[in-house]
Amino acid sequence: MFWEALGSVLLGLALSWAALHRLADRLPPRRTVLVTGVLGALFGALVTHAALGPGLALGTLLGAAAVSTVLLSLLIRPAARRLRRSAAA
């Protein structure tokens with residue numbers, strides 16, 4: 001379980017770094033994104049390990065990646081756009 005936890009932390013860091021690299025203008029502060037990615041991956045690893053049981057490290061890491069990705073996607077804010085009103089309004 002130690003290696004799965006360490007792998008999920010590294011996976012969460014990698015996913016949150018990639019999100020910050022690609023969507024920096026649409027995400028909250030850097031620390032929030034990094035912490036969310038790591039904690040999401042740890043929680044996903046815990047839940048997946050409890051559901052699948054020991055011995056399926058790849059499945060645990062896939063579950064960690066899925067939960068981390070979902071939590072990071074919840075942090076994304078809409079792009080800043082100007083509201084256009086029609087002439088009739």
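Is the crossing of H1 and H2 right-handed or left-handed? In this predicted model, the crossing of H1 and H2 is right-handed. The contact is made by Glu4, Ala5, Ser8, Val9, Gly12, Leu13, Ser16, Trp17 and Leu20 on the H1 side, and by Arg30, Val33, Leu34, Gly37, Val38, Ala41, Leu42, Ala45 and His49 on the H2 side.

**How H1 and H2 meet**
- Helix H2 covers residues 30–52, and its axis comes within 8 Å of the H1 axis.
- The two axes cross at roughly 145°.
- Ser8 and Leu13 are among the H1 residues that make this contact, and Val38 and Ala41 are among those of H2.

**Ser8, a buried serine of H1**
- Ser8 sits in helix H1, which spans residues 2–23.
- With a relative accessible area of 0%, Ser8 falls under the 20% cut-off and is therefore buried.
- Beyond residues up to four places away in sequence, Ser8 touches Ala41, Leu42, Ala45, Leu61 and Ala64.

**Ser68, a buried serine of H3**
- Ser68 belongs to helix H3, residues 57–74.
- Ser68 counts as buried because its relative accessibility is 0%.
- Apart from neighbours within four places in sequence, Ser68 is in contact with Gly12, Leu15, Gly37, Gly40 and Ala41.

**Leu13, between contact and surface**
- Leu13 is another residue of helix H1.
- Its relative accessibility is 35%, so Leu13 counts as partly exposed.
- Leaving aside neighbours within four places in sequence, Leu13 is in contact with Leu34 and Val38.
- Leu13 and Val38 are 25 residues apart in sequence, yet their C-alpha atoms are 5.7 Å apart in space.

**A nonpolar patch**
- Which residues make the nonpolar surface patch of about 570 Å²? Phe2, Trp3, Leu6, Leu10 and Leu13 do.
- Leu13 therefore has a place in this patch while being partly exposed, at 35% relative accessibility.
- Phe2, also in helix H1, counts as exposed because its relative accessibility is 57%, over the 50% cut-off.

Note on methods: Residues numbered from 1 in each chain as written. Predicted model: local features only at pLDDT ≥ 70, side-chain atom pairs only at ≥ 80, totals over all residues. Heavy atoms only, no water. Helix = DSSP H or I, 4+ residues; strand = E, 2+ residues; numbered from the N terminus. Buried < 20%, exposed > 50% of the residue type's maximum accessible area, 1.4 Å probe, protein only. Contact = heavy atoms within 4.5 Å. Patch = residues over 30% accessible without salt bridge, like charges linked within 9 Å, V, L, I, M, F, W, Y side chains within 5 Å. Areas by Shrake-Rupley, 256 points an atom, 1.4 Å probe, with all protein chains shown as cover. Salt bridge = Lys/Arg side-chain N within 4 Å of Asp/Glu carboxyl O. Axes fitted to C-alpha atoms, helices over the stretch in contact; angles between N-to-C directions. Left-handed = near helix turned anticlockwise from the far one by under 90°.
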